[in-house]
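Hi everyone, thanks for coming. I'd like to walk you through one structure, so let's get it up on the screen.

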Amino acid sequence: MSISSGPRPHPHIDLATVTWLFEGAIDHRDSLGSFATIRPGQVNLMTAGRGIVHSERSPQAERDRGARLHGMQTWLALPDGGEEIDPAFEAVSDLPLVGDRGTRATVIMGELWGARAPTTCHSPTIYAEIALTAGGAIPIEPEADERAVMLVDGEAQIGGLALGLHELTVLAPGRDLTLSSERGGRVMLLGGEAFPTKRHVWWNFVSSSRERIEQAKEDWREGRFPPIPDDSEEFIPLPEGAPNTVSYP
């Protein structure tokens, strides 16, 4: 996918973003003063908590040679009682690799097959990139309340069901399943604790409170969020009307 300079400064609340790249690079800047060039093999966890602003730009060197970007950004709701924690950022590259019989997995967050990533988890979480060689197969055990898989390259099946490219397949809770591939593929495994309280989503804001989302909208409109050092001259304005995202108002 060809990209331009990337998303201008924009806000988040009550969630954490997890950025994982397969190809390309992103310059991350945020209102804490953090700066990191995100590259494949490095997970970047940005905890918005009570509020953060960040931008995601293509490095100039990438743009000069015709930048291409392939990756996945996951939004994690923060747990009940922890939505309004202090914002934070971390970049972790010392991630464990585990595998057996035609499979290899990079554990990005949480624990898989006895290997635990050093990435901060605000609640029980599993996130891993699984590479399957031709004929490879592995069990996917029901250790998490909620589990899903996404095929990002090649082909794979789970429980006999063929996975669609870039389609999120939510797995039935409590079932042992087998992930396999006839010709080889790459699959993201993600899941974690099910929260008892529902979350509401509007644009970049996620919260258990509708009122908190309304406050965040007003704060962004009135310029009350903190600026990003060295990247505060432009920003993404609050959408007029319904944003172009799946929303649960």
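This is a predicted model: local features need pLDDT of at least 70, side-chain atom pairs count only at pLDDT 80 or more; totals for chains, interfaces and linings use all residues.

Residues are numbered from 1 along each chain as its sequence is written, and side-chain values use heavy atoms, with hydrogens and water left out.

Okay, back to strand 6. Strands here are DSSP runs of E, at least two residues, and helices are runs of H or I, at least four, both numbered from the N terminus. Strand 3 (residues 26-30) pairs with strand 6 in the antiparallel sense, over four bridges; two strands count as paired if DSSP finds at least two bridges between them. Strand 1 (residues 10-12) also runs antiparallel to strand 6, joined by three bridges, and there Pro11 has Val53 as its partner.

Buried means under 20% relative accessible area, exposed is over 50%, and partly exposed is in between, using a 1.4 Å probe and protein chains only. Ile52, His54 and Glu56 point one way, while Val53, Ser55 and Arg57 point the other. In a regular strand, side chains alternate between the two faces of the sheet.

Now, salt bridges: a side-chain nitrogen of Lys or Arg within 4 Å of a carboxyl oxygen of Asp or Glu. The structure holds 12. One of them joins Asp86 and Arg50, at 3.2 Å from N to O. Asp86 sits in the loop between strand 7 and strand 8 and Arg50 in the loop between strand 5 and strand 6, so this pair ties together parts 36 residues apart in sequence. Asp86 counts as exposed, at 51%, and Arg50 as partly exposed, at 45%.

Another one links Arg199 and Asp80, with the closest N and O atoms 2.8 Å apart. Arg199 is in the loop between strand 20 and strand 21 and Asp80 in the loop between strand 7 and strand 8, so here the parts tied together are 119 residues apart. Arg199 is buried, at 16%, whereas Asp80 is partly exposed, at 34%.
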